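Subject: Handover of a structure

Dear colleague,

Please find the structure below for your records.

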Amino acid sequence: MSNVTTVPIEIVDKATGHVSIMHFVTEERDGTTGKVRWQRAAPDDAIEAELVKSGQALDSVTWRRIDPTDIPVTRDFRNCWRSNGAKIAVDMPLARDEHMANIRRARDAMLAKKDGEWVKEFSRGNQAMVDAIEAERQKLRDVPQTIDAGVRDATTPEALKAMWPADLD
C-alpha cells in the first residue's frame with residue numbers, strides 16, 4: 001500500500017464548460033514505512049504533458065491549480081460542475097434538467113416492467129389486476145408533472161437530491 005501527494009488541477013473544456021479534476025501526483029510514500037519512494041515537481045510543462053497524455057487538447061481546455069477544498073465534497077450532479085475561474089459549483093439549471101432526466105429514466109424502466117405485468121394479466125383475463133396495474137402505470141406517468149415544480153424551485157444540489165419521488169424507490 002502506498003500514499004501519494006497530489007496537486008489538484010481543474011480542467012475546463014472551452015467549448016462546453018465541463019469541469020474535470022486531475023490529481024497530478026508529486027510524491028509516493030511507502031504505506032508501511034512512510035519512506036518516500038519517489039518525488040517530482042509540478043511545473044506547468046509537466047502538468048501540460050500529463051494533460052496531453054490523458055487525451056486533452058491544450059488548445060481546447062484551460063487549467064489551473066486548485067486547493068483541495070475547492071473541489072465539491074459530493075459527486076452528485078458531477079456532470080453539472082462549472083467553474084468561474086475561482087470556484088467550482090453546480091450549475092443549478094443544468095442539475096435540474098439532469099435530475100428530471102434521471103427521474104424520467106427511472107420512471108420509464110418501471111413503466112416497462114408494469115407494461116409486461118399488464119399484458120400478462122390482460123392475457124389471463126384478470127380485469128381486476130389489469131385495472132390495478134393501469135392505475136399504477138398512470139401514477140408513474142404522472143410522476144414528472146407532480147415533482148417538476150419542486151425541482152424547478154430547488155436552489156441547492158442537496159435540496160434537489162432530496163426531491164426523488166417515493167414512487168420510484
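How many aromatic pairs does the structure hold? The structure holds 1 aromatic pair, where rings of Phe, Tyr and Trp (its six-membered ring) pair if their centres lie within 6.5 Å. Trp118 and Phe122 form this pair, at 5.0 Å centre to centre and with 10 degrees between the planes, and it is stacked (planes under 30 degrees apart count as stacked, over 60 as edge-to-face and the rest as tilted).

Please note that this is a predicted model, in which local features need pLDDT of at least 70 and side-chain atom pairs count only at pLDDT 80 or more, while totals for chains, interfaces and linings use all residues. Residues are numbered from 1 along each chain as its sequence is written, and side-chain values use heavy atoms, with hydrogens and water left out.

Trp118 and Phe122 are 4 residues apart in helix α2 (residues 92-124), so about one helical turn separates them; helices are DSSP runs (H or I, at least four residues), numbered from the N terminus. Trp118 is partly exposed, at 23% relative accessible area, and Phe122 is also partly exposed, at 49% (buried means under 20%, exposed over 50%, partly exposed in between, with a 1.4 Å probe and protein chains only).

Lys53 lies in helix α1 (residues 44-53) and is exposed, with a relative accessible area of 65%. The C-alpha atoms of Lys53 and Val12 are 16 Å apart, and 41 residues separate the two along the chain.

Yours sincerely

How values were computed
Helix = DSSP H or I, 4+ residues; strand = E, 2+ residues; numbered from the N terminus.
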